[in-house]
Every structure is written in C-alpha cells, then in structure tokens.
Protein chains: 2
Amino acid sequence: MTADKPLRADARRKREALLAKAREIFDAGDFFDLRFDDFARLAGVGTGTLYRHFPTREALAEAVYHGEVAALCDRARQLQATLPAAEALATFLRGMVDHMVAHEGLARTLATLMADRSGVLAEGSRPLEQAVTDLVAAAVRDGTVRDDVGAGAVMMALHGIGAAHDRPGWRAEADGVISLVLDGLRRPHSAQAAIRTPSRRRGA
Amino acid sequence: MTADKPLRADARRKREALLAKAREIFDAGDFFDLRFDDFARLAGVGTGTLYRHFPTREALAEAVYHGEVAALCDRARQLQATLPAAEALATFLRGMVDHMVAHEGLARTLATLMADRSGVLAEGSRPLEQAVTDLVAAAVRDGTVRDDVGAGAVMMALHGIGAAHDRPGWRAEADGVISLVLDGLRRPHSAQAAIRTPSRRRGA
DNA sequence: CAAAAATATGGAGGTCATCTCCACTTGTCA
DNA sequence: TGACAAGTGGAGATGACCTCCATATTTTTG
C-alpha cells in the first residue's frame, strides 16, 4: 500500500507544483469554482499529467491533507512530551481551532471533500486520531479524564467544528464546543450522575 | 420568501411523488449513484418537471430536510412541555442519535449535501437550532446548565455526529459525544476551573 | 357546459466539465 | 552517447446536467 516507488526527477517536480498550487487554491477557497482541467493549467501542467498524479479531486485533497495531518501529529507529540497530560490535550484542541482559523479556506475545502462519502479522506485522519487517542489515554492514566468515552467522540466533535466553517459566530461556537468537550471529559469527581443518560426509557 | 402560491392539483401530485421517491432513495443511500435525470424517471416524472420543482439536488434535499426538521421541532416542544428542562434537553439529544440510527441513509445524504458549501441547507436548520436554543435556555434558567456556551456549539457537535456516519463504532461514539456535551454543559458547581482554557498563552 | 386562459408536463438536444488515449518529449542507465 | 523507460500534454470522446417549447391538463369564465 505504502510502497513508494522512486519517481523520476521530472515527475516529482510536477507533482510538487501541483501540490503547491493546490494548497494555495484550497486556502483561497476557490477550488470549487475551478474546472479541474483549468487547475492543471494554473499549476503549469497538462491535463493528462494532473490525472496521472491525482485521479480525482479527492485524491488531490488527500495528499494535501496528509501533510497537514503530519504537522498536527508532530505538534501533538511535542505537547505530550512537555506538558501534563490534561493540559497537553486542552492546548492541542484549542490549537486545532486556532489552526482552522488561520487556514479557513483549507479547512472548509477539506471538510467539503470529506463529506463526499468515500472515506478516502477519513482514512487519512487515522494518524491524527491516533494522536488524539494518545493524548486522551495519557490523561486517563493521570486520572484527570474519564475512561468511558474514547477519542472517537472527540474526533466527531472536531469534525463538526471543521464542517461548520460558514456559521456566523464560528470562532466563538468552536471554542464553545471545545469547552464542552474538555469539561465533559473531566472525570466526574463524586457520583454526580445529574443529567447523564436518563436510562433511555420508553422508545419513541 | 415564504409566499406559497396555490399549486395546480396536478402539480402538487407530481411534487409529492418526487418528495416521496426522494425520501426513499435518500434513506437507501443511493442518491449519489443516480443521474439526476434518472431520478426523475424513477419518480414517474419528466426531466423538465423535476427541474421545475427542484432546480438542484440541494433544493430537493432541502425540501426533504424541511419535513424532518419540523418533526424534530415538534418533538422538542413536546419534551419541553412535559419534562424538567435539563432532562428535556438530554432526552432530546439522545433522541437525535436514535433518530439518526433509524434513518442512517437520510442522515448521511443530508450531511453530504450540507457540506457542499452554499449554506442552503444550513438555512433550513434554523428552526431546529431555535428549538435547541429554547431547550438550552430553559435549562439555563433552571440553573442546571451553564450560560456561557450557547446552542450553536451544540449544533456543531450534532453536525459532527451526523457527518461521521461511516465510522466503525458510530453509535457508541455518537453517544459519547452527547455524553461529553451534556456533562460539559452542566453548570460548574464550585469554582473548579480544572482543565478549562489554559488562558491561551503564547501563540503558535 | 364549452371554450379560453392559465398552468404544468416531458423529453429531445445543446452545452460543458471530465477523463482517456497516444504520439511525442524528457530523464536514466550502461 | 545511444537506447530504453518513464512521463507529458492536449485533442477529442463521453456522458451528465439543464433548457426550451410543443403538447397536455386544469381552472376559470361567459
């Protein structure tokens, strides 16, 4: 699967050009206003070449996303190495929002393409999910975070944030979601099952 | 905007046929495998007629979504009238997950179309958001829920749940998100600012 | 009730983005 | 340097989307 064969010098150059242009256009938010062919032209590449490297819009997005995810994972590891678990998790999640703000167009574009069912992009999120899982696991070991919820739920919440990028008060709401998640993750000190599941009575 | 002119008997019938077929196909998850033209044929309607009633896939989805939202809002009002605020909110949110489970294809399809930037569908969510806002507001008045987060954050989380329908342990994770949100919403009894915002120090 | 006016229908065909294919160029290896 | 492999680009086939209008159906009017 991950068998990367050595690309010819030439090919690597074109590929980089495509990725660079893609990053730029994603970030500007213009990706969907563009014929895919024209995108090739913009990157200084023929149609055939574009399709050889990236058979679909999704494939292109995946490649861009890959770099993004790698950077975020690095950051996660770094935080985990230098901060107490709970704080590392909090800082990382807050940082995600900052990052999305800084690259709004990119986030929006990726979120849109993610939604086109296919799971291709979801696949690429795995390393990120692993990083979040690690952060959560560490905090659980510390005893600062409950152990009955799992990182998947956090990923869902993050996805919700990323997908809603056009809401009016986005930034504030995004911070709100993070607050809810972080506070919700805090290990319930006493047995205060206040709201929690109302034991799902009668259907309907 | 909401000026509904009386449709000719004939027209109403075709429109209903389209909506019915749409519901069916959405629910089956086959909507995107279908040429829009063919969808018309399936509903027993000519292409022109389809386009007259619903100029785009999004428009069609919006109409279906409208009914869905109306039903959910009714449910919200009903809960609010018969249960303590906090419990009404919890029951409603848990019920949303049940509902999504029962109509997986529909949820997935709508989420996908929502993502295609355009905000058309987001518009249709407003009544639903209002309902959630009301539920939250009531709970805030009760003093059971914090007042610094707002319903928008809850909507984001819900959207995240709906958009992630193809994850392996979806149901469990969805319940997890709801748990986080509900617990996160609980008014912090004492001044226990444990994890909360690390006061956003140095950028990056 | 008949005829006119208004409203709606359906599907043939134009338009345009997507993607394939292959004659040609560029890079690599001995 | 020559020969083979690897890659390129863009013309054109393909097929989905949407428009347009001659025809059909419903409603209104005399």
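## Surface near DNA strand D

In this predicted model, the residues of the surface near DNA strand D comprise six nonpolar, seven polar and eight charged. In total, 21 residues surround DNA strand D. The closest of these are Lys14(A), Gly46(A), Gly48(A) and Thr49(A) from chain A, with Gly48(B) from chain B.

Both chains contribute helices to this surface: at least two residues each come from α1 (9–28) and α3 (47–53) of chain A, and from α1 (9–28), α2 (36–42) and α3 (47–53) of chain B. The largest share, four residues, belongs to α3(A).

## Surface near DNA strand C

DNA strand C is surrounded by 21 residues, the closest being Ala9(A), Gly48(A), Lys14(B), Gly46(B) and Gly48(B). Two or more residues each are given to this surface by α1, α2 (36–42) and α3 of chain A, as well as by α1 and α3 of chain B.

With four residues, α3(B) gives the most to the surface near DNA strand C. By class, the residues of this surface are six nonpolar, seven polar and eight charged.

## Contact between chains A and B

The two protein chains also touch: 44 residues of chain B are in contact with 44 residues of chain A. On the chain B side, the elements that supply two or more residues are α5 (85–102), α6 (104–115), α9 (151–163) and α10 (170–185). Of these, α10(B) gives the most, with ten residues.

The side of chain B that touches chain A has 20 nonpolar residues, along with twelve polar and twelve charged ones.

Key: Residues numbered from 1 in each chain as written. Chains lettered and ligands numbered in written order. Predicted model: local features only at pLDDT ≥ 70, side-chain atom pairs only at ≥ 80, totals over all residues. Near = placed C-beta within 6 Å. Nonpolar A, V, L, I, M, F, W, Y, C, P; charged D, E, K, R; others polar. Contact = placed C-beta atoms within 7 Å.
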